[in-house]
Amino acid sequence: HGQLKTHLAKANEELANVTSNQSELQGQLQHAQIMLETKNEHEHLLQSEMQESRMESEGELAQRREEIAQLRSLLESAESGAVRQSELETDLNTVNVKCIDLEEKLVLRDNELENVRAEFMNKTSTYEAQLTHSCTRV
């Protein structure tokens, strides 16, 4: 009967230890569940932030691509403008050469006209003199 009491006391003590351990394990399990839920919430927030960041990056990338396309277009326009300017400068040089040529021809014409005028004036003087001489004889 004394041994039975000892066994019963030990069994009660072990039962109390098991109950205590079970209670402690229950607390640890609850703590682990809370930690897991917190971790899941953090992961969800992180994924949302990453998704948002990715979308922003994709938007920025699209914007940068559009800016690059616009810059390429401007560069092509500038190159086209430079080619056109070069063509216009060539045309202008050609016109300038023609103007110089025409100015030289005009100077030559002016000289020719001056020579013709001088010759005319010379002949007029000669005719006047002859006419005066003829008139005085008569």
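Lys105 is partly exposed, with a relative accessible area of 46%, where partly exposed lies between buried (under 20%) and exposed (over 50%), using a 1.4 Å probe and protein chains only. The model is predicted, so local features need pLDDT of at least 70 and side-chain atom pairs count only at pLDDT 80 or more, whereas totals for chains, interfaces and linings use all residues. Residues are numbered from 1 along each chain as its sequence is written, and side-chain values use heavy atoms, with hydrogens and water left out.

**Salt bridges**
- The count is six salt bridges, each being a side-chain nitrogen of Lys or Arg within 4 Å of a carboxyl oxygen of Asp or Glu.
- Lys105 pairs with Asp101 at 3.6 Å, N to O, and the two are four residues apart in helix α1, about one helical turn, a helix being a DSSP run (H or I) of at least four residues.
- Asp101 is itself partly exposed, at 36%.
- Arg117 and Glu114 form a salt bridge at 2.9 Å, N to O, and lie three residues apart in helix α1.

**Negative patch**
- Glu49, Glu52, Glu56 and Glu60 form a negative surface patch, a patch joining like charges within 9 Å among residues with over 30% relative accessible area and no salt bridge.
- Glu49 belongs to helix α1, residues 2-137, and is exposed at 52%.

**Cysteines**
- There are zero disulfides, a disulfide being a pair of cysteine sulfur atoms within 2.5 Å.
- Cys99 is partly exposed at 37%, while Cys135 is exposed at 52%.

How values were computed: Patches are made of residues with over 30% relative accessible area and no salt bridge: like charges are joined within 9 Å, nonpolar side chains (Val, Leu, Ile, Met, Phe, Trp, Tyr) within 5 Å. Accessible areas come from the Shrake-Rupley method with a 1.4 Å probe; for residues, only the protein chains shown count as cover. Lys and Arg count as positive and Asp and Glu as negative; His and the chain ends are not counted. The place of a charge is taken as NZ of Lys, CZ of Arg, CG of Asp or CD of Glu.
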